[in-house]
Amino acid sequence: MMNRLRLTPIYGDDDMITHVIGIQFFTEADIDLGPVPGTSIKESAKSSDRFRSYLSAFRPAVLLGERNICRGVCGMLQLSDEVLALKILSKLAPRDIASIGSVCRRLYDLSKNEDLWRMVCQNAWGSETTRVLEAVPGAKRLGWGRLARELTTLEAATWRKVTVGGSVEPSRCNFSACAVGNRVVLFGGEGVNMQPMNDTFVLDLNASNPEWQHVQVSSPPPGRWGHTLSCVNGSHLVVFGGCGRQGLLNDVFVLDLDAKPPTWREISGLAPPLPRSWHSSCTLDGTKLIVSGGCADSGVLLSDTFLLDLSMEKPIWREIPVAWKPPSRLGHTLSVYGGRKILMFGGLAKSGPLRFRSSDVFTMDLSEDEPCWRCVTGSGMPGAGNPGGMAPPPRLDHVAVSLPGGRILIFGGSVAGLHSASQLYLLDPTDEKPTWRILNVPGRPPRFAWGHSTCVVGGTRAIVLGGQTGEEWMLSELHELSLANSVI
């Protein structure tokens, strides 16, 4: 049997929580408890002896006055600690491990094991996310159990303002940035008089005094703005599209940041998408670039989705065929969650002859034989739902941050009316009924929350660069959203 503890809040007439009901769910589980590799008969005998001595304290009598009365032994507890940890507990979600520790002293002791917590995090979040989190400074001191709790509950999330040295000159806007480990890389942008830029800057956040460094690279791409910059294969950066001196672009350039010297290399992908700017992109499996939507010539909005496998010797662009597409748009975001699923949010979307800011959510599972777009929420869309909670106001040019476990954090952008663009919204698309919730975070959030670029560093920090202050674009002052604040 497997069990799960669910806590359900009960609300009063004034929408305040008055009670919390705890419900324990029991379900049958078909679990292979076969022999564990490396386990010897002698070890099993020792484990059995330890278990018998452990039980002897409970068998003799019923303890009067105690809340729990033990008259027998659960069959699962006759398994060795190793089998319990590897075959059962490691398959549970982080929240379930935290609650199962309240069952008995033995499970409580197991639930404090750091090796078990690492396996739980790896199974829940994937090996790539776990590897990134392991490299975060201070992660060992924090421990996997506490890291899992803070990234699950976001109880330690906080904003802080960071002043860095160096400079990004000439000044610019509409650049793109992404994270390579604990480094932030900035490329291109729009300079004075709409001048397209093609220089590269790096900010090492591991340094004791971080400062912007202009990186001298060979064979830089043509200058551009409104492009995308993504990270693949660890230290490789890939640039796609944007608006250059001669108009819109659809070229691809790759840079190995750790090479000596760093050199941009053009990838001549066959059958490329239409030239575009203000599109959205993300990377899959560390090797595949996905591009969606954007603005083509004459201001035409696009609704296509293309994939380029950069691990191939001669990469070929492939449009993902779907029976139905979300309305064409620009200024939206693409996020990867759950391994090979992507989520599209917001943007300036076409509606008949008009264009409106959007708060629609669409998902696609690229592990399916025939991937298709599904509408999680959207007015008048096929399969549209209405998730509970307070949905973000419609917006474009915002930021979407993928969190461990598949949740998506929405922040900033161009929002109509008096809504605060610095408000954080959280959505878990893996839920049976996805629900938006507002995340109230203490600290100093950015005052201006549009026209910025944001990237996730080390899996626990979202770094906000730039943002229009009305007169200039500030890159010497960053804002950092720490998701596990005690790591820093």
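Q: Two strands pair if DSSP finds at least two bridges between them; in the hairpin of strand 5 and strand 6, which residue takes a positive phi near 60 degrees?
A: This is a predicted model, where local features need pLDDT of at least 70 and side-chain atom pairs count only at pLDDT 80 or more, while totals for chains, interfaces and linings use all residues. Numbering starts from 1 along each chain as its sequence is written, and side-chain values use heavy atoms, with hydrogens and water left out. Strands here are DSSP E runs of at least two residues, and helices are H or I runs of at least four, numbered from the N terminus. The hairpin of strand 5 and strand 6 has 5 residues between the strands, and the one with that phi is asparagine 193.

Q: How many bridges join strand 5 to strand 6?
A: Strand 6 covers residues 196-204 and runs antiparallel to strand 5. For the whole pairing, the bridge count is 7.

Q: On the strand 4 side, which residue of strand 5 is the bridge partner of alanine 177?
A: Strand 4 (residues 176-180) is also antiparallel to strand 5, with 5 bridges between them. Their hairpin has 2 residues between the strands, and glycine 181 has a positive phi near 65 degrees there.

Q: Why is strand 5 largely enclosed, and how many of its 8 residues are buried?
A: Buried means under 20% relative accessible area, exposed over 50%, and partly exposed in between, using a 1.4 Å probe and protein chains only. Strand 5 spans residues 183-190, and it counts as largely enclosed by the rest of the structure because of its number of buried residues: 7.

Q: Is cysteine 243 buried or exposed?
A: Look in strand 9, residues 236-244, to find cysteine 243. Leaving out residues up to four places away in sequence, its contacts (heavy atoms within 4.5 Å) include Trp225, Leu248 and Ser277. Pro196 is touched as well, although it sits 47 residues away along the chain, with a C-alpha separation of 7.7 Å. Since its relative accessible area is 17%, cysteine 243 is buried.

Q: And leucine 270, buried or exposed?
A: Leucine 270 is in the loop between strand 11 (264-267) and strand 12 (280-284). Its relative accessibility is 51%, so it's exposed.

Q: How far apart are the end C-alpha atoms of residues 84-122?
A: UniProt, in an unreviewed entry, gives this span the feature "domain: F-box". In the model, the span is 69% helix and 0% strand. Its end C-alpha atoms are separated by 17 Å.

Definitions and conventions: UniProt positions renumbered as here; feature names shortened; annotations may be inferred. Pairing = 2+ DSSP bridges.
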